[in-house]
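Please look at the model shown below before reading on.

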Protein chains: 2
Amino acid sequence: MAALSDNIERFIKQLMDEDTKIELRRNELAQHFGCAPSQINYVLATRFSVDRGYIVESRRGGSGYVKVIRITQSDSDLLSVLISRVGDEIDKDSANAIIHRLYELSLITLNEARILASAVRCDNVALSGRACDMLRAQILKNALVQVFKNLRED
Amino acid sequence: MAALSDNIERFIKQLMDEDTKIELRRNELAQHFGCAPSQINYVLATRFSVDRGYIVESRRGGSGYVKVIRITQSDSDLLSVLISRVGDEIDKDSANAIIHRLYELSLITLNEARILASAVRCDNVALSGRACDMLRAQILKNALVQVFKNLRED
DNA sequence: CTCTCTTTGACCATTTTTGACTATTATATA
DNA sequence: TATATAATAGTCAAAAATGGTCAAAGAGAG
């Protein structure tokens, strides 16, 4: 069995037992487990992905950190549904429909919906239809993650 | 956990809580935080930039000082200033500084700031630096218009 | 034996912190 | 008044403190 990764995963989940958000020091953690620091990244990438209901944020440099945030199960389900719905490219109408839905579910406010819609408009941008759809998909997916992250933090 | 710079930033902002203008002694402040005086310059440069809505003035020599001034502007002025600041292309850090400023001015909420920042990230997008900066500028300007439109409606 | 998942390590990127050297200005002194 | 001195602040590059990436080696499961 792949003990190390599982142990690290368990350790992090224990830390999160009561809180939905914790802060780690990558190097400390690696030292604690006597492994390479990049091992921590591996665990975060494989066990704490968005699909599994987690969001990871970090900052480098002096007093840098790694934050792990848990989103609720139902939120995470919806999030992954929406993300796969968006896919690699999405046209403007479908994007707007998704934004509208988020608004109706009260997951975002009217202002947020408008900002999102404007971000996803992609007109005035010198990109051909296909490239535009791909770009829109990327922006929308980034924003979706953000929306759900916000939900957990409030 | 919080970095020295973060603490100094917070300290200065507390001093400015009610006033739009304060005066500091660089060396005193450095001593208070037990750090190199140039650390203060670092904080001023990274956290109190014009993009973030501050102006810093100083004078050397006997009874020298450092003044920090928060820029205040009417909304409509601000919109045009920001739009021309964004221009036809803008890098990520400057864009984030502007978003941060909108948040500090309470013109957008934290959630909105995050959505905007994510929309403007442009990573994962197969675009070269220059094209990316142009795209970012376009998205940001669209969103700015939206933000200020929303303001008028509330 | 092969395939996949894990683990490591060398190299990269970012942010903060410090220090040596420089520039400016008020004030005391000749 | 001219000059020296002390008191400030600024600059810039190096060092320190983090975290990230990616490809290759290792280990287990079938």
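In strand 3 of chain A, A:Lys67 is the bridge partner of A:Glu57. The model is predicted, with local features requiring pLDDT of at least 70, side-chain atom pairs counting only at pLDDT 80 or more, and totals for chains, interfaces and linings using all residues. Residues are numbered from 1 along each chain as its sequence is written, chains are lettered from A and ligands numbered from 1 in the order in which they are written, and side-chain values use heavy atoms, with hydrogens and water left out.

## The sheet of chain A

Helices (H or I, at least four residues) and strands (E, at least two) are DSSP runs, numbered from the N terminus. Two strands pair if DSSP finds at least two bridges between them. In chain A, three strands make up an open sheet with the order 1-3-2 and antiparallel pairing. Strand 1 and strand 2 of chain A are at the edges with a single partner strand each, so one side of each has no neighbour in the sheet. On average, neighbouring strands of this sheet are turned by 20° against each other, direction ignored. For such angles, axes are lines fitted to C-alpha atoms, for helices over the stretch in contact, and angles run from 0 to 180 degrees between N-to-C directions.

Strand 2 (residues 54–59) and strand 3 (residues 65–70) of chain A run antiparallel and are joined by six bridges. Their hairpin has five residues between the strands, and A:Gly61 takes a positive phi near 80° there. Strand 1 of chain A pairs with strand 3 of chain A over four bridges, also in the antiparallel sense. A:Ile22 stands opposite A:Val68 of strand 3 of chain A. In general, strands of a sheet pair through backbone hydrogen bonds, either parallel or antiparallel.

## The sheet and a helix of chain B

Chain B has an open sheet of three strands in the order 1-3-2, with antiparallel pairing. Strand 1 (21–24) and strand 2 (54–59) of chain B stand at its edges, and each has a single partner strand, so one side of each is left without a neighbour in the sheet. Six bridges link strand 2 of chain B to strand 3 (residues 65–70) of chain B in the antiparallel sense. B:Tyr54 has B:Arg70 as its bridge partner in strand 3 of chain B.

Buried means under 20% relative accessible area, exposed over 50%, and partly exposed in between (1.4 Å probe, protein chains only). Helix 6 (residues 110–119) of chain B is largely enclosed by the rest of the structure, because eight of its ten residues are buried. Among them are B:Ile115, B:Leu116 and B:Ala119.

A residue is near a strand if one of its heavy atoms lies within 4 Å of it. Around DNA strand C there are 27 residues, of which A:Ser5, A:Ser38, A:Tyr42, B:Ser38 and B:Tyr42 come nearest. Of the atoms of DNA strand C that come within 4 Å of the protein, 60% belong to sugar and phosphate.

## The surface near DNA strand D

DNA strand D is surrounded by 29 residues, and the closest are A:Asn41, A:Gly61, B:Asn41, B:Arg60 and B:Gly61. Sugar and phosphate make up 65% of the atoms of DNA strand D that come within 4 Å of the protein. By class, this surface has five nonpolar, 16 polar and eight charged residues.

| Side chain | DNA atom | Distance |
|---|---|---|
| B:Arg47 | phosphate oxygen of DNA strand C | 3.2 Å |
| B:Arg59 | phosphate oxygen of DNA strand C | 3.2 Å |
| B:Arg60 | sugar or linking oxygen of DNA strand C | 2.9 Å |
| A:Arg25 | phosphate oxygen of DNA strand D | 3.0 Å |
| A:Ser58 | phosphate oxygen of DNA strand D | 3.0 Å |
| B:Arg25 | phosphate oxygen of DNA strand D | 3.3 Å |

A:Arg25 lies in the loop between strand 1 (21–24) and helix 2 of chain A. With 25% relative accessibility, A:Arg25 counts as partly exposed.

Technical notes: A polar contact is a pair of N or O atoms within 3.5 Å; within protein, one must be able to donate a hydrogen and the other to accept it, and residues adjacent in sequence count only if both atoms are side-chain atoms. Ala, Val, Leu, Ile, Met, Phe, Trp, Tyr, Cys and Pro count as nonpolar, Asp, Glu, Lys and Arg as charged, and the others, Gly among them, as polar.
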